[in-house]
Amino acid sequence: MNTTASREEFDPAALRQRYDEERLKRLRTDGNQQYQEMKGDFSYFLDDPYVEEPIVREPLEDEVDVVIIGGGIGGLFAGARMREAGIEDIRVIEKASDFGGTWYWNRYPGAACDVEAYTYLPLLEELNYMPPRKYCDAPEILKHCSNVAKHYRLYDNACLQTEVQNLVWDEATRRWTIFTNREDKIKAKFVVMVNGPLNRPKLPGIKGIGDFKGHTFHTSRWDYNYTGGNARGNLTGLKGKRVGIIGTGATAVQCTAFVGESAEQLFVFQRTPSGVDVRNDHPTDQEWAASLKPGWQKKRQKDFTAIMTGRGGKRGEIDQLDQFDDAWVEMGKIYRRRMREAGKEVPKSEIGQIYEMSNFEKMENVRNRVDDIVKDKDIAEALKPYYAFMCKRPCLDDRYLPTFNRDNVKLVDTNGQGVDSITEKGVVVDGVEYEVDCLIFATGFEVGTDYTRRAGYNLIGVDGVSLEEKWSKGMISYYGLHTHGFPNCLLIGNGQAAFTANYPDALDEGAKHTAYLIKHFLDNNITRVDTTEEAETAWTSEVVGTKAVTIMGGSACTPGYYNLEGQHDPRARNNQPYGGMMGCHQYFAKLAAFREGDLMPGLVVS
Ligand code: NDP
């Protein structure tokens, strides 16, 4: 389905060398320290611009069975699976004004999901909903999240616009107290933390970033009061305005075209180009939709996860691949074709080479696409990604590249070095100051910083030990779900559990297991559940010991958040998912086996 024919005229040795040069050019010793945390003078970047009606209420001092922290897709799954299990007394606490998590915050123009809706959207069969198109945009996803919350009655008793500040365990009553910014003191028998992995936006620590006197915001807090329009474009407020976008990751790839259409002048400041593939969106085939059998969505999600972890059919087969007509699986198709061409008995020693050649071919297609679309040869060259597939988040977009053919749009490529400085008036690269009225940071989210910093709250567990202290050298947990000294507290979607390219799949598995456990505890009058130090040490060692096989990032990749900016962080092995990205199948199977058999042996209950 790629529009560009696969061209074999590439020189593997030259590409290897080029990839290496591009990586080395960008490596910097400050790694994650290069970014500016949104606090102090920069905390206004976190303000919620989407609140329609500020909630006014008295502080709460009450008790519920279960508090879920986070109303994003993970929190929705947790709530849904608990309702299905028959748990009634649930309260979701969410700092935003509504459910949706990442889709609440990321409303920038063009925001949409790159994973097809049939696979990504939660609980389609449960809600009896079929998305109208293969891909859905942010407003549709947000609406769907709200529908899930309604369907499972999660608005009942929810605390929206409420930020958790601290959690304190009380051994005498076996309850957590949750303190919030609204002076609530909510007691809970069980707490489930589902904070999300990309929840805390970050700024680049560029010299002079605080000096800019024009208008500025981060993409995850898009200021439509300034730009006009909405997530579907028509940014009338930008008429006559000079705008700069810093960053060219997946977010910038989606919003740039809309800014380019409306602004008088747009400067796109690039450090590393994204790989931008074909989107291939189309309306849902109604005949296909009518033919689906119950259980189809779970099967489709599992097939997608299998493909993304190299399990999509035996060598040379493409059975599960054909249902996904998109760029995510193209790499898998190329690899299988090359394996078939190599014959029946490919020696194991040659498989790595075949994979590397497939990867070169895939990325050559992506690079050739730039030449096919961007007219100016120098600009086209600067927009080509020279790194392996999945070193950076692949993008599926048909609007971004043509934007660079517009007269009012200028790519300012920084040759891998990033912006030099920011002044009162604009952005400086290579001694040239680009004056702008509005500066938009499409600079992503914190990854690899402390869990409690990203969560925005700390937990004080048994004997006054804080989670921040306990995890200062990296996560220690039992299945990524429990951590010793923090009884009755469960985590979903974190390190030491599973990670999948279609992240909701991993969230749902965590949610199903959590719902199963809490139902068991409540039904059996179990009031205290903790994991032992031995169990969590053993699980942490198993996680650390698993080969961190992942198709995302890696030390040979250009720096970015996938590989912690190319720096070695001793905590990273602890914080990784079980088996890197490839261990999700074993992880899911282990949890399922527990649900079939006895309670998890590393848990102590009373
Ligand atoms: P990213 O972290 O992917 O991108 C940040 C961008 O900022 C990069 O291009 C980075 O360059 C650039 N940058 C950072 N510092 C500087 C600097 N000093 N000078 C110039 N440029 C700089 O964030 P995004 O918000 O784009 O994407 C984050 C994630 O959100 C994605 O990876 C994806 O998981 C998710 N997402 C998902 C979508 C979906 O379809 N479901 C759509 C959009 C986002 P460099 O690469 O060199 O570090």
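Colleague: Leaving aside neighbours within four places in sequence, which residues are in contact with Trp-169?

Modeller: The model is a predicted one. Trp-169 belongs to strand β4. Leaving aside neighbours within four places in sequence, the contacts of Trp-169 are Arg-174, Arg-175, Trp-176, Ile-460, Gly-461, Val-462, Pro-487, Asn-488 and Arg-528.

Colleague: Is Trp-169 buried or exposed?

Modeller: A residue counts as buried when its relative accessible area is under 20%. The value for Trp-169 is 7%, so this residue is buried.

Colleague: How far apart in space are Trp-169 and Gly-485, C-alpha to C-alpha?

Modeller: In sequence, 316 residues separate Trp-169 from Gly-485. In space, the C-alpha atoms of Trp-169 and Gly-485 are apart by 9.4 Å.

Colleague: Arg-174 is among the contacts of Trp-169. What is the phi of Arg-174?

Modeller: Arg-174 sits in the loop between β4 (164–170) and β5 (175–180). With a relative accessible area of 25%, Arg-174 is partly exposed. Most residues other than glycine have a negative phi. Arg-174, a residue other than glycine, has a positive phi, near 55 degrees.

Colleague: Where is Asp-463, and is it buried or exposed?

Modeller: Asp-463 is located in the loop between β18 (458–460) and α16 (467–470). Its phi is near 55 degrees, a positive value in a residue other than glycine. The relative accessible area of Asp-463 is 77%, and over 50% counts as exposed. Asp-463 is therefore exposed.

Colleague: How many helices and strands does the protein chain have, and what is its radius of gyration?

Modeller: The protein chain has 20 helices and 21 strands. For 606 residues the globule rule gives 25 Å, and the radius of gyration is close to that, so the chain is as compact as a globular protein of that length. The radius of gyration is 24 Å.

Colleague: What share of the 606 residues is buried?

Modeller: Along the principal axes, the C-alpha atoms fill a box of roughly 70 × 65 × 50 Å. The protein chain exposes about 25,000 Å², of which carbon and sulfur atoms supply 49%. The buried share of the 606 residues is 57%.

Colleague: Of the contacts with a separation of 6 or more, what percentage joins residues 24 or more positions apart?

Modeller: Contact here means heavy atoms within 4.5 Å. Among the contacts in the protein chain with a separation of 6 or more, the share of residues 24 or more positions apart is 74%.

Colleague: How far apart do the centres of the positive and negative side chains lie?

Modeller: The protein chain carries 75 positive side chains and 89 negative ones. The distance between the centres of the two sets is 2 Å.

Colleague: Which residues form a disulfide?

Modeller: A search of the whole structure finds 1 disulfide. The sulfur atoms of the pair are 2.0 Å apart, and the angle of -75 degrees about the S-S bond makes the link left-handed. The residues that form it are Cys-391 and Cys-557.

Colleague: Which parts of the chain does this pair link, and how many residues apart are they?

Modeller: Cys-391 is in the loop between α13 (377–382) and β12 (395–396), while Cys-557 is in the loop between α18 (533–545) and α19 (572–575). Both Cys-391 and Cys-557 are buried. The pair links distant parts of the chain, and its separation is 166 residues.

Colleague: What is the distance from the sulfur of Cys-159 to the closest cysteine sulfur?

Modeller: Cys-159 is buried, with a relative accessible area of 1%. The closest cysteine sulfur is in Cys-489 and is too far for a bond. The distance is 17 Å.

Colleague: Which residues does Glu-364 touch, not counting residues up to four places away in sequence?

Modeller: Glu-364 is part of helix α12 (residues 348–373). At 13% relative accessibility, Glu-364 is buried. Not counting residues up to four places away in sequence, Glu-364 touches Phe-10 and Leu-15.

Conventions. Residues numbered from 1 in each chain as written. Predicted model: local features only at pLDDT ≥ 70, side-chain atom pairs only at ≥ 80, totals over all residues. Heavy atoms only, no water. Helix = DSSP H or I, 4+ residues; strand = E, 2+ residues; numbered from the N terminus. Rg over C-alpha atoms; globule rule 2.2 N^0.38 Å. Buried < 20%, exposed > 50% of the residue type's maximum accessible area, 1.4 Å probe, protein only. Areas by Shrake-Rupley, 256 points an atom, 1.4 Å probe, with all protein chains shown as cover. Lys, Arg positive; Asp, Glu negative; His and termini not counted. Charge placed at Lys NZ, Arg CZ, Asp CG, Glu CD. Disulfide = S-S within 2.5 Å.
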